[in-house]
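Hi everyone, thanks for coming. Let me put the sequence and the structure up on the screen, and then we can walk through a few places together.

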Amino acid sequence: MEKPKKQYWKGLEQLSNDPSFVEKEKNEFPEMLPTGNEDSGASRRDFLKMMGFSVAAASLAACEAPIRKAIPYLNKPLEIDPGVPVYYASSYMNGGDYCSVVVKTREGRPIKIEGNDLSAVSGGGTTAQVEASVLSLYDKQRFQNPTNGGSPVTWEDLDKEVISQLESISSGGGQIRIVANSIYSPSTLAAIEEFKVKYPGTEVVTYDSISNYGIAKANELSFGQAGVPLYDFSQAKTIVSFDADFLGTWINPVLYSKQFSKTRKLGPNNKEMSRLYSFESNMSVTGANADYRTAIKPSEQGAYVIGLYNAIAGKAGAESISGGSSSEIINKAAEGLWRSQGASIVVSGSNDPNVQVIINGINSLLGNYGTTIDLNKSVNFRSGNDEQMEKFVADLGAGSVGGVIFYNCNPIYDYPKGDAIASNLSKASLTLSTSDRLDETSGAVTYIAPDHHYLESWNDAEPVAGHFSLSQPTISNLFNTRQGQESILTWAGNESSYYDFMKANWEATHFANQLAESELQVFWDKTLHDGVYMPATDTQAGAIAFAGDLNLAAANIPSGGSGLELVITSTVAVGAGNQANNPWLQEMPDPVTKACWENYLTISQPHAAELGIVMSEGNTQKVDLSVGGTTLNVPVVVQPGQASGTIGLALGYGRRNAGLVADELGVDANPLVGIVNGTRSYAVSGASISVTGESYQVAHTQTHQTHMDRHYVVQESTLGEYQKDAAAGRHFPQITTLKGKKQPYDISLWKGHTYTNHHWGMVIDMNSCTGCGTCTIACQAENNVPVVGKEEVLNRREMTWLRIDRYYSSDADSSDLKGLEKAAENPEVTFQPMMCQHCNNAPCETVCPVAATTHSTEGLNQMVYNRCIGTRYCANNCPYKVRRFNWFKYHDNSQFSTNLSMSNDLGKMVLNPDVTVRSRGVMEKCTMCVQRIQYGKLEAKKEKRRVNDGEVVTACAKACPTDAITFGDLLDSKSKVSKMLKIEK
Amino acid sequence: MHKTNSLSFINHLVRFIAFIFTLLFIGTGLSQAQELTEDAGVIAQGEELFKGNCTACHKINEKLLGPALRDVTERRELDWLLTYIKNPQKMISSGDPIANELFDEYQIVMTSFPFSDDQIASILSYIRAESAKPMETAVAAPSADGESVAESGIPEGYMNAIMIGLIAILAILLVVLFLIINVLSRFLKEKDLDDNQREVVNQRLDLRALVKSNAFLGFAAFFFTAIVLKTALDGVFTVGVQQGYAPTQPIAFSHKLHAGQYEIDCNYCHTGVRKSKNANIPSPNICMNCHLLVMPDSPEIAKIYDAIDNNTPIEWVRVHNLPDLSYFNHSQHVEVGGIECETCHGPVKEMEVIQQHANLTMGWCINCHRETNLNTKGNAYYNKLVELHSEVSKEPMKVEDNGGLECSRCHY
C-alpha cells in the first residue's frame with residue numbers, strides 16, 4: 001500500500017506511541033469489567049444464574065398482564081391529534097444568547113428544538129445549547145412556587161409584600177435596580193418603563209455572562225455609535241481573527257458558522273474559498289478551522305493588531321502608529337486582506353476597547369463597513385454594559401440601593417464580583433429574583449417570583465436592530481410560575497396579562513407601521529407562524545467615517561504580561577453555565593479537547609514536560625492554580641496548540657447551587673476574570689501553577705475507538721491541488737488479484753443489494769464541518785440517547801450514536817520525531833463526524849448470530865433491539881466503531897440519576913415517543929432517524945405522491961449550522977444528495 | 001337484481017331529464033352555484049365525508065337526531081343547503097323560515113361544518129345518489145353476501161359427520177379383525193401341531209412384558225416428552241397474548257349499539273384513524289355532540305358530565321396493548337392500505353363490551369403482510385414500484401414485496 005503522506009493522531013498518547021495505550025487500543029472494550037463488586041468472588045455470575053432462573057419461573061407463573069389505562073383529553077384541543085407532531089415557531093433567549101427556533105411538540109409537550117429557516121439572525125441553525133434547552137424545561141430543579149425567605153407563598157401574598165416594600169423604598173426616595181442580562185424584548189422594555197413610572201428611583205442594569213462591552217465601547221469611540229455590529233462572514237474572502245472564536249462561542253456562532261460555511265462550499269462551479277487567519281492562545285473551534293493558525297499570548301495581541309494595522313496602512317498610504325510587531329504571517333494576512341478590500345473581516349475577541357478601536361481602524365482602511373460589517377444592525381443580545389454593572393456593585397456595597405430585582409440573571413455566580421454582590425445583598429431591604437430555577441443568586445435573595453421557562457412564555461424580541469421575533473408557549477406552565485414581565489406589570493399596577501400587553505404593543509408599533517395586512521389578527525397570526533418579522537426599511541448598511549484616535553488607543557493597550565498568562569474561555573457545550581444542570585451538555589465532549597463533565601487547565605506540551613506531567617488516556621494530575629489571591633485545585637489537560645506561556649480555563653463550571661447534575665463539577669473561573677478600565681478582561685497575567693502530585697482522571701472521549709496503523713482515515717488535500725485535480729487527496733483502494741488490480745466491489749463475497757423504492761444516503765461535506773458538535777446533541781434529543789455519567793465515559797462506554805472525531809495532523813514524516821514534536825505544538829486539526837455508515841455489505845450483519853442487525857431494501861442497516869442478545873460481535877466487527885452497547889439499564893436507575901431524561905417522570909416528558917428506550921444488554925447505533933424516514937414516507941403516501949427531496953431530514957442534518965450534512969434519496973436523481981455524489985464521481 | 005338495476009336506471013334517467021329541464025328553465029341564474037353531479041369519484045368522496053361527519057345525527061332513510069335526508073336535494077334549494085350546512089345558527093337567527101321550522105321540530109342546532117362548497121356538493125351528490133336507490137336494497141344486500149360466503153368450502157357440519165363415520169368404520173374393522181383371530185386360533189387348536197407350533201398358537205398376549213419392553217418404554221417416553229414440550233411451548237407463546245381480553249370499562253359503552261345499530265362510522269369518534277398513528281379514544285366533547293339531547297339522563301352519561309364537571313378525565317382500560325418495542329400506525333393501514341377496521345378489530349358492531357379480536361402477535365402481523373396485496377391503486381407513490389414488480393412477477397404486489405417484513409418497519 002502507498003505510504004500515507006500525513007500522520008494523523010487523535011491524542012498525544014497515540015502520537016508518542018505510549019505502550020499502555022497501544023496495548024489498550026487493540027481492544028474494542030476495556031478489559032476490566034467494572035461491575036462494582038469484583039471483590040466478592042463469583043457472586044455476580046451466581047446471582048445472574050439465580051436471577052435468570054427465578055425471572056423465567058416468575059414470568060411464566062405471572063402471565064396476567066397489568067391493566068393499562070388509556071386516558072383521552074377531557075376537551076381535545078382542535079390543533080392537537082395524539083400521534084401527530086405540531087410545530088411552533090419561537091425564540092430561544094438565554095443569558096446573552098439568542099436563536100430563532102421551531103419547537104416540535106407531541107401531545108402538547110415540546111420534545112425537540114430545531115432552527116427556524118426564516119430567521120436572518122440565526123440562519124436556520126442551532127447550537128448545542130439551543131438543542132439541549134428542551135431538557136432544561138423538564139428539570140426538577142425549577143421552582144414550583146413563589147417563595148418568601150425559602151417558604152412557598154401564594155402569588156397574591158408575594159405581590160402584596162413586594163408592592164408594599166417597593167412603595168416604601170420609592171416613597172423614601174430610595175433606589176431600585178433591575179439587574180438583568182441584555183434585555184432586547186421591546187415589550188419587556190415597555191413593561192419596565194411602566195414600572196419605572198410607578199417607582200421613579202428605578203434603573204435597569206444590564207450585563208452579560210460573557211461580556212462584549214469592549215466592542216460596543218470601541219464603536220462609540222470610533223464612530224460615536226455604541227453597539228456590537230452584525231458581521232457578514234459570507235461576503236468575506238479573507239478573515240483574520242484575534243482570539244475571537246466566532247465559529248464556537250463568540251457572540252452569534254450559529255449565524256457566523258452558517259455564513260462562514262458558505263465561503264467553504266466547493267464544487268465544479270466554485271473552486272475558491274475564503275482564507276481564515278487565526279491568532280489565539282487556546283486552541284478553539286475557530287483556530288482548529290483556520291487555514292493559518294498562530295499561537296500567541298494575549299499580551300502579544302496588541303502588538304500583533306498594531307502590526308497588522310501598520311502593514312495595511314503601508315499599502316493604503318495611511319499614517320502608521322507607533323509600536324507593533326511585524327512578522328511573516330502578519331504580512332501574509334495583510335496582503336490577503338488588502339487583496340480583498342471590502343470583502344474581508346478582522347475581528348478580535350479581546351474585551352479591551354483600545355484593541356477594538358485599532359481593529360475598527362483596520363476594517364475601516366479595508367472598506368469593510370457597509371459591506372461585511374453593518375454598524376446599523378447592532379446585536380442587541382450582547383448589549384450588556386460592564387460600567388453600569390460595576391457602578392451597581394459599588395452602589396450596593398455603599399448601601400445606596402434599596403431594592404434589587406434580579407431579572408433572570410445570576411450575577412452572584414457569573415459576574416467576577418459575585419462574592420461582593422452576595423455579601424452586600426443584606427444592605428438592600430428588598431431582594432428578589434425571577435429566576436425559574438435554583439441558582440447562586442436566587443439562593444441568596446428573600447423573594448423568588450419564578451418566571452416561566454422560555455418554552456412556556458409569550459415574548460417578543462429585537463435580537464438585531466430591525467429584526468423582530470416572537471416567542472409563544474408550547475406547553476402550559478408545569479409549575480406555579482408566572483411570566484416575569486407579568487410580575488413586573490403587576491407590581492407596576494398594570495393588571496393586564498403580558499400577552500395582551502405585548503399584542504397591544506405590537507398593534508401600536510409594527511401593525512400600525514405596515515401596509516401588507518389590513519387585519520390585526522391576520523398580521524399577528526402570520527408573524528406568530530413565521531416566528532420572525534422584519535419591517536421593510538430603506539436604511540442602507542451602516543458605513544460611518546472612522547473617527548477613532550488610534551495613537552491614543554495604541555498607547556493605552558497594556559504592554560507585556562508578566563509570568564504565566566491565563567486565558568479564560570467558555571466551552572461550546574456549557575457556555576457561561578446558565579444551563580449547567582443539563583446532562584446532555586455536560587456529557588458533550590468539547591470539540592477540541594474531547595473532554596467532558598468538568599473544566600480543566602489546558603497547558604502546552606513543553607510546559608507539561610517542564611512540570612513533569614505526562615498525560616495518557618485522561619490520566620493526569622491536579623495542580624494548584626494561583627491568580628491574584630485566588631487558588632484553585634484543577635486538573636491539567638495537555639493541549640496541542642496551546643500558546644507557550646499561556647494556560648486556558650473555561651467558565652461555566654464550579655456551580656455551587658445549580659442542581660443534581662452540575663453542582664461541584666469543575667472549578668468556578670469567574671472570580672479570576674479581571675476588570676480593567678471598567679470592562680471585564682478574560683486574559684489575566686501573573687498566574688502560577690504548583691504541582692501537587694495528586695493524580696486524577698479527566699473523562700475524554702478522545703482516544704476511544706481509535707485505530708493506529710489505518711491509513712487514509714481522513715482524506716484531505718490543499719486547495720491548490722484540488723483546483724488542479726478534483727480527486728486530489730482521495731484514496732481509491734484497489735485489491736491485487738491474480739488477474740491484476742481490481743476494484744474492491746468487483747470481487748465481493750456478497751451479492752449486494754438491489755434498491756427499487758428508496759436508497760437513503762448521507763453526504764457530509766468535511767470542508768464545511770467546523771466540528772461544533774450541535775449534531776451530536778440533536779441526535780441525543782431525537783433518539784433518546786442516554787447520558788451515562790463521567791465514570792462510564794472513563795470506562796469508554798459513552799452512548800452517543802454520532803461522535804465527531806478530531807484528528808491532529810502534520811506534514812512531518814512519521815520517522816521525523818523532532819518534526820512531529822514541533823507539529824504537536826501547533827498541529828493542523830481535522831474534524832470528521834462519525835456515525836453508522838450503513839455499509840452496503842455491512843460486516844456487522846454477517847456476524848450476528850441471531851440476525852438482529854440486517855439490511856433493508858432501502859439501504860439502511862437495521863438494528864432490532866428486541867432481537868439482540870448482546871453478543872457484541874457486531875461492534876467487534878464494525879470498522880467504524882460506531883456501535884454502542886447498553887452495559888446497564890440507564891433508565892429508571894438511581895445509579896444513573898444524572899440521566900435526567902430517563903430517571904424521573906418529569907424528565908421523561910422529553911423522550912421521543914417514536915423511538916424505543918433501549919434496555920440493558922442490547923446493542924444500538926445510528927438508525928439514520930428511521931422514524932423520520934417512515935414518517936416522511938407515510939405523509940407522501942397519504943398525499944399519493946413520491947417523497948420530495950428535503951422532506952425527510954435526519955436530526956443531525958437539520959441541526960447543522962453549516963449545512964455540512966445532506967441527507968436524501970440516492971435513487972431520486974433530482975435530490976441534492978444524488979447530485980452531490982455525481983459531482984464526486 | 002336486474003330488476004332493481006333497470007329500475008334505478010330509469011329512475012336516474014327521469015331525474016336526469018328533469019334536471020336538464022330545470023337547468024333549461026332556470027337558465028343562468030343557477031350557474032354560479034355549485035352543481036350536483038353523478039360522477040362516481042365525487043360521490044365516493046361525498047360518501048366518505050358523509051359517513052365521517054354526518055352519520056352521528058343523520059340517516060338517509062330514518063329520522064335520527066336530525067331529519068332523514070332522503071330526497072333532501074329535492075326538498076331544498078341548493079343555495080339554501082350550502083349556507084345552512086356552513087352555519088345553521090346564523091340562518092336561524094337571521095329568521096330563515098325553514099331553518100326555524102327545523103329548529104322547532106328537532107330542538108337542536110346542527111353543528112356547523114367548515115366545508116368548502118365542493119365538499120358540500122359532493123355530500124349532496126352522494127345523498128341524491130342514495131335517495132335514488134329504492135329503500136329495500138340496502139336491507140337485502142347483506143343476506144345475499146352471507147350466502148355467498150357460506151357456499152365457498154365444505155360446511156363444518158359435514159366435516160364432523162365424515163369424521164364420525166370414519167371412526168365408526170375403523171371401530172367395526174377392529175372388531176372384525178378380533179373375531180377373525182379368535183376363529184382362526186380356535187381352528188388351529190383343534191389341529192395336530194408340533195410343540196413349536198403349539199407354543200406359537202397358545203401364546204397369550206403378555207401385557208406386562210409388553211409394557212416392560214424397551215421399545216414401548218421408549219415410545220411412551222418420547223410421546224410424553226413431546227406432548228409436554230408442545231404444551232409448554234404453546235404456553236410460552238401465549239404469554240402476553242390477550243386475545244379475547246374484554247375488561248370492564250368505567251362507562252358501559254356499547255359498540256354494538258353505536259357502531260352496530262346506529263351505524264355511526266368508526267371515524268366519527270376515532271378521529272385519528274386516518275391521520276395519526278393513534279386511532280384516538282374520543283374526548284367527552286365528541287360524546288356530547290349527540291348526548292346533549294340523546295338520553296341525557298342516563299346514569300352512564302352522567303359519568304361523562306361528572307368527568308367534565310370535576311375536570312378529571314375518563315380512565316378507559318386499554319384493550320389493545322402492543323409492546324413498546326413495536327411501532328404501529330393506524331393511518332398507514334387505514335388511509336394508505338385501505339384496510340377495514342374489522343380486519344383487525346373483528347366484529348366490533350356485535351360487541352356489547354369491546355374485546356381484543358386478533359392475537360396481536362408478530363406472527364399474526366407478518367402473516368398478514370405476506371398475504372395482503374399492496375393497495376397501490378391511484379397512489380402515485382407506488383407507480384414505479386408496481387411497474388418494476390410487474391417486470392419480474394405476474395403475482396400482484398404483496399406488502400412483503402415492498403419490504404413489509406423488514407425489521408425497521410416496526411422496530412426502532
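Before going on, a word on what you are looking at. This is a predicted model, where local features need pLDDT of at least 70 and side-chain atom pairs count only at pLDDT 80 or more, while totals for chains, interfaces and linings use all residues. Residues are numbered from 1 along each chain as its sequence is written, and chains are lettered from A and ligands numbered from 1 in the order in which they are written.

Back to our strands. Strands here are DSSP runs of E with at least two residues, and helices are runs of H or I with at least four, numbered from the N terminus. Strand 19 and strand 20 (residues 467–471) of chain A are antiparallel partners over 4 bridges; to count as paired, two strands need at least two bridges in DSSP. They belong to an open, antiparallel sheet of 3 strands, in the order 19-20-21. Strand 19 (459–464) and strand 21 (532–533) of chain A are at the edges with a single partner strand each, so one side of each has no neighbour in the sheet.

Now zoom out. Chain A has 31 helices and 39 strands. Its radius of gyration, taken over C-alpha atoms, is 29 Å, close to the 30 Å that the globule rule gives for 985 residues, so chain A is as compact as a globular protein of that length. That rule is 2.2 Å times the number of residues to the power 0.38.

How far can we trust it? Chain A averages a pLDDT of 89, and 90% of the residues score at least 70; pLDDT is the predictor's confidence in each residue, from 0 to 100. Over residues 35–40 of chain A, though, pLDDT is below 50, and residues 705–709 of chain A stay under 50 as well. Where pLDDT is low, the predicted coordinates should not be read in detail.

Finally, two aspartates. Phi is near 60° in Asp243(A) and near 45° in Asp892(A), positive values in residues other than glycine. Is Asp243(A) buried or exposed? Asp243(A) is buried, with 26 other C-beta atoms within 10 Å, whereas Asp892(A) is partly exposed, with 13. Buried means 20 or more such atoms within 10 Å, exposed means 12 or fewer, and partly exposed lies in between, with C-beta atoms placed from the backbone.

Terms used: Contact = placed C-beta atoms within 7 Å.
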